[in-house]
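Below are some notes for a colleague who is new to this entry. Please read them beside the sequence and the model.

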Amino acid sequence: MAGALDTAFKAIAKTVVADLGTALDTSITYTRKASPSYDVDTGALTTTDTTYSSLKVPIEFVDAEEEEGREERKARVYLTPDLIGNNQPTFEDTVTLTYAGSARTAQITDIRTFQGGQKYLYILLVRF
């Protein structure tokens, strides 16, 4: 029973994210940061990046406020696991939002994972 319910929730989440994302005039690029390595000689941290481009997903703009003389915006981004290679989002990953003719790289500040026996939806809070 639980497996069938998970499968249903996963299918519903995938359909809703696809339908709402297609209806919006925005897209995102999700960059997965993996395999970090630190070079002691140079002091540089490098990662192996995997990029998932032109994802049409729902974006909910939450807040905009002044922060130290500049505007800080927050948004919620809704993703299904299949869109990002069935990976779990991490705080090191980045999201680039493309809207109103410009691209803004955002930092992930909160990750909500919805799952039963399998993950079916992520809601990311980002700031940019």
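1. Does Arg32 count as buried or exposed? At 17% relative accessibility, Arg32 counts as buried, because the cut-off for buried is under 20%. Note that this is a predicted model.

2. Arg32 is placed in strand β1, which spans residues 27-39 and pairs with β2 in the antiparallel sense over 9 bridges. Asp39 has Ala44 in β2 as its bridge partner.

3. These strands belong to an open sheet of 7 strands with antiparallel pairing, in the order β2-β1-β5-β6-β7-β4-β3. At the edges are β2 (44-55) and β3 (59-67), each pairing on one side only. From one strand to the next, the twist averages 25°.

4. Beyond its neighbours within four places in sequence, Arg32 is in contact with several residues, among them Thr48, Tyr52, Asn87, Pro89 and Asp93.

5. The structure holds 6 salt bridges. In one of them, the side chains of Arg32 and Asp93 meet at 3.3 Å, N to O. Arg32 is in strand β1 and Asp93 in the loop between β4 (70-79) and β5 (94-99), so this pair ties together parts that are 61 residues apart in sequence. Asp93 counts as buried, at 1% relative accessibility.

6. Glu60 and Arg76 also form a salt bridge through their side chains (3.4 Å, N to O). Glu60 lies in strand β3 and Arg76 in strand β4, so the parts tied together are 16 residues apart in sequence. Glu60 counts as partly exposed at 34% relative accessibility, and Arg76 counts as partly exposed at 31%.

7. A further salt bridge joins the side chains of Arg73 and Glu71 (3.0 Å, N to O). Arg73 is partly exposed, with a relative accessible area of 23%; Glu71 counts as partly exposed at 47% relative accessibility.

Terms used. Residues numbered from 1 in each chain as written. Predicted model: local features only at pLDDT ≥ 70, side-chain atom pairs only at ≥ 80, totals over all residues. Heavy atoms only, no water. Pairing = 2+ DSSP bridges. Helix = DSSP H or I, 4+ residues; strand = E, 2+ residues; numbered from the N terminus. Axes fitted to C-alpha atoms, helices over the stretch in contact; angles between N-to-C directions. Contact = heavy atoms within 4.5 Å. Salt bridge = Lys/Arg side-chain N within 4 Å of Asp/Glu carboxyl O. Buried < 20%, exposed > 50% of the residue type's maximum accessible area, 1.4 Å probe, protein only.
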